[in-house]
Amino acid sequence: SIEEMVIDTTGRIIADTRTFEENVTKDPLATSKVYAVWHSCTNYPGYEVKDGICTPKKYKVTLNQNGGKNGTASYTATYQSWVPDITIPQRGGYIFTGYKATSGKVYHDKDGKGKSVYDIANTSTFTANWEMCPAGKYSPETSNECLTCPAGTYSLAGASECTPCPAGQYQSSSGQSSCNKCLAGTYQNATGQTSCKSCPAGQFQSKNGQTSCIKCVTGSYSG
């Protein structure tokens, strides 16, 4: 008997043993000769002959971290086999959502888990996809989650950390994109505060956003 390479219903090449008589054709010019019928492995992209067996090829996959770092840089994928799990990249202020091929197909999820068989009969580059954290939230480089800024701080979109409110300002709520100026009659001389202080007796402040109060002049008072 001989082995003939055939395709199964999933598109994979399998070995199917057939009798020689079922796999022969006669040469019309020399009818005494017979030839085995073979399906060439090279007719199927992604496969090669190794030790007489049609074997899936291995391809290098490069991972474009797209602004991130510290993740898996590349790996070797076997054609029509599941892609391996990888270490996800890190990027402050952003959430990693997965790796995609140029076709848009997702091959790795947000946790780096393989999501598909490698069905590209060539080397490939997959690109990291990111979601920017919105204003009022932040994501440290070592995290893959947008966290809420606490009261007394604020952040703009894409922040890797929260910014304390400057002196003369405050923020009483969490998850904010800015701070509020202290109103006239109040002040704040520290940073990262959730409220302002009232001017003490004998002092005043007629402007907003101030870090101190002013002493009343002789002949005047403030109670």
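1. Ring pairs join Tyr59, Tyr107, Tyr118 and Phe126 into a cluster, in a model that is predicted. Rings of Phe, Tyr and Trp (taken by its six-membered ring) are counted as a pair when their centres lie within 6.5 Å, and the pair is called stacked when the planes are under 30 degrees apart, edge-to-face when they are over 60, and tilted for the rest. The structure holds six aromatic pairs. One of these is formed by Tyr59 and Tyr118, a tilted pair with 6.2 Å from centre to centre and 40 degrees between the planes. This pair links distant parts of the chain, since Tyr59 belongs to strand E7 (residues 58-64) while Tyr118 is in the loop between strand E10 (106-108) and strand E11 (124-132), 59 residues apart. The rings of Tyr107 and Phe126 have centres 4.5 Å apart and planes at 15 degrees, so that pair is stacked. It too links distant parts of the chain, with Tyr107 in strand E10 and Phe126 in strand E11, 19 residues apart.

2. Both Tyr59 and Tyr118 are buried, and both Tyr107 and Phe126 are buried as well; here buried means under 20% relative accessible area, exposed means over 50%, and partly exposed lies in between (1.4 Å probe, protein chains only).

3. Residues are numbered from 1 along each chain as its sequence is written, and side-chain values use heavy atoms, with hydrogens and water left out. Because this is a predicted model, local features need pLDDT of at least 70 and side-chain atom pairs count only at pLDDT 80 or more, whereas totals for chains, interfaces and linings use all residues.

4. The predictor's confidence in each residue is given as pLDDT, from 0 to 100; the mean for the protein is 85, and 78% of its residues reach 70 or more. Over residues 1-38 pLDDT stays under 50, and for this stretch the model has 60 contacts beyond four places in sequence, where a contact means heavy atoms within 4.5 Å.

5. The protein has zero helices and 21 strands; these are DSSP runs numbered from the N terminus, with helices (H or I) needing at least four residues and strands (E) at least two. Buried residues make up 28% of the 223 residues in the protein. Among contacts between residues at least 6 apart in sequence, 40% join residues at least 24 apart.

6. Strand E5 (residues 47-50) and strand E6 (residues 53-56) run antiparallel and are joined by four bridges; two strands pair if DSSP finds at least two bridges between them. Glu48 stands opposite Thr55 in E6. The two strands form a hairpin with two residues between them, and Asp51 in the turn has a positive phi of about 55 degrees.

7. His108 lies in strand E10 and, at 0% relative accessibility, counts as buried. Its side chain reaches the backbone oxygen of Gly112 at 3.5 Å.

8. Thr72 lies in the loop between E7 and strand E8 (74-78). A polar atom of its side chain lies 2.9 Å from the backbone nitrogen of Thr87; a polar contact is a pair of N or O atoms within 3.5 Å, where within protein one atom must be able to donate a hydrogen and the other to accept it, and residues adjacent in sequence count only if both atoms are side-chain atoms. Not counting residues up to four places away in sequence, Thr72 touches Leu63, Gln65, Ile86, Thr87 and Tyr99.

9. Ser177 is found in the loop between strand E16 (169-170) and strand E17 (180-181), and at 36% relative accessibility it counts as partly exposed. Ser177 and Ser155 are 22 residues apart in sequence, with 5.0 Å between their C-alpha atoms. Beyond four places in sequence, the contacts of Ser177 are Ala135, Gly136, Tyr154, Ser155 and Leu156.

10. Glu145 is placed in the loop between strand E12 (137-138) and strand E13 (147-148), and at 48% relative accessibility it counts as partly exposed. Glu145 and Ile95 are 50 residues apart in sequence, and their C-alpha atoms are 6.0 Å apart in space.
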